Amino acid sequence: MTTLVSHHEIRDRFSKAMSAMYQDEVPQYETLLDLVAEVNRETLERDPELAERLATHDELNRLGVERHGAIRVGSAEELAMLRRLFAVMGMVPVGYYDLSEAGVPVHSTAFRPIDDEALARNPFRVFTSLLRLELIESPELRERAAGILAARDIFTSGARELIALNETQGGLSDEQAERFVKEALETFRWHRDATVDLDTYEALHAEHRLIADVVCFRGPHINHLTPRTLDIDEVQRRMPAAGMNPKEVIEGPPRRACPILLRQTSFKALEEPIRFAGDRQGTHTARFGEIEQRGVALTAKGRALYDRLLGESRRRTAGLTNEAHQRVLAEVFADFPDTEAELRRQGLAFFEYRTTEAGREAGAIAETEVEVERLIEQGLITARPITYEDFLPVSAAGIFQSNLGGDGSEAYAGHANREAFEEALGAPVTDELTLYAERERSSLDAALTSLGIPPV
Ligand code: OOG
Ligand code: NI
């Protein structure tokens, strides 16, 4: 019998190997990691309370660990195989994102771990986009792209074997896991040689830069990795002095007392030398470094409010510098409650509940109908915001756009097509809201039960 290592162990090894490869390939990314580490250190020194909170939740040691990366693939076969590859690492497709509306001809999901323990161990996820060839207008170019994609195999034969082995064995042995990490990494590697000639590249590029990026190379090079920062505004401010060219604005909600969802920014993609078929030199711009700061996951109601306020602010922020942009955002988001109690009372965000020491000592509570807020006030249970683990389509589009150059934000006529995406994937995507709701529900049930109160 083979002893299997856990899927989470393999994800941890893989994300570290990927980070090492990317730092090696993109030195500016290493500079970004250093800057993030410096700002995180200073933030913790300034805010001992935050440091203590992170320490008690076992967050300090994995602060510098990458939170996500992103790739783009060209066909249903590639996407379906990726699903099987990520399954080796306990990562499943969560969420459906339509970016066509924002002028990016892809739809996407995030492969990520879903249970608490796995997220605590290593939350690494990969935002994965599928090119929508059907949105290319010219039939001739569409066919050319499809033909080029059909001729490539982005997986090594070793990776294919180990993925199949994972499925029959239900996991991999230590030695197989080592080999898997090495073989799987090849899919994400950068290639200086394009598979097409410069003319083909330019024709596809003229249609949309993203199409050239997906179609012209041997594989879906990892296009960015993203560590977690404790102060995104400060990292954005310091990027130029550290030699990085930040994107114009930080995506997502403004800075708040109770952070919500996700804020992101990046240094802009670098222009890199490429050798095209026929031995002609050119360049390609695809790879960048990103940072993220995460807050609490919002309920459907909270998300609707976020979307409405973001929509309102967008009409007023067009063309503004980041500072002015953030000021307008803060003004508009004044309508979004900014205390944990209010977020809970209005059902805007998800929380995880726990019985406190006092609650455990109090034992069974006599009352049958008890308000959760009262129990919190009495110190019998605590509520902790559940971190948002997913992505935001408007922000993602902003990240795509600023790294593709130009604003080219004209919407495609195509609409969201989750069914087509799931068919290509070969499986349904998990609904992210359901995951948060279940986590909240089960924690509350357990807390109430321990106080002798029947769950509501
Ligand atoms: C993905 C952009 C989206 C994010 O963090 O929202 C993304 C890409 O450029 O391929 O990574
Ligand atoms: Ni990203």
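This is a predicted model: local features need pLDDT of at least 70, side-chain atom pairs count only at pLDDT 80 or more; totals for chains, interfaces and linings use all residues.
**Entry 1: domains**

I began with the domain assignment of the protein chain. It gives domain 1 as 4–295 + 389–425, domain 2 as 298–336, and domain 3 as 351–385 + 430–456. I then looked up how domain 1 and domain 3 sit relative to each other. Their C-alpha centres lie 37 Å apart. The contact between them takes 11 residues from domain 1 and 7 residues from domain 3.

**Entry 2: the open sheet**

Next I traced a sheet. In what order do the 5 strands of the open sheet stand? I read the order as β3-β4-β5-β2-β8, and the pairing is mixed. Strands β3 and β8 (224–226) are at the edges with a single partner strand each, so one side of each has no neighbour in the sheet. From one strand to the next, the twist averages 25°.

I looked at the pairing of β2 and β8 in more detail. Strand β2 covers residues 68–73, runs antiparallel to β8, and is joined to β8 by 3 bridges. For A70, I found the bridge partner in β8 to be H224.

Are H224 and E290 buried or exposed? The cut-off for buried is under 20% relative accessible area. H224 has 6% relative accessibility, so I count H224 as buried. E290 has 1%, so I count E290 as buried too.

**Entry 3: helix α18**

I then went to helix α18, which spans residues 418–425. Its buried residues are F421, E422, A424 and L425. Why do I put these on the same side of α18? They cover an arc of only 160° around the axis, and therefore they share a side. As background, I noted that an α-helix has 3.6 residues a turn, so residues three or four places apart point the same way.

What do the buried residues of α18 pack against? I found α4 (76–87), β3 (92–98), β4 (106–112) and β5 (125–131). On the face of α18 turned away from the buried side, I found the exposed residues E419 and E423. Just after α18 comes G426, with a positive phi of about 80°.

**Entry 4: strands β11 and β12**

I checked how covered strand β11 (residues 351–355) is. Of its 5 residues, 4 are buried, and the strand is mostly covered. Strand β12 (residues 381–385) runs antiparallel to β11, and 5 bridges join the two. Opposite Y353 I found A383 in β12.

**Entry 5: N322**

Last, I looked up one residue of helix α13 (residues 322–332), namely N322. Its relative accessibility is 14%, so N322 counts as buried. Which residues does N322 contact, leaving aside its neighbours within four places in sequence? I listed Q236, E248, V249 and I250.

Notes
Residues are numbered from 1 along each chain as its sequence is written. Chains are lettered from A and ligands numbered from 1 in the order in which they are written. Side-chain values use heavy atoms; hydrogens and water are left out. Buried means under 20% relative accessible area, exposed over 50%, partly exposed in between (1.4 Å probe, protein chains only). The arc is that of the directions from the helix axis to the C-beta atoms. Contact means heavy atoms within 4.5 Å. Two strands pair if DSSP finds at least two bridges between them. Axes are lines fitted to C-alpha atoms, for helices over the stretch in contact, and angles run from 0 to 180 degrees between N-to-C directions. Domain bounds come from an automatic or database domain assignment.
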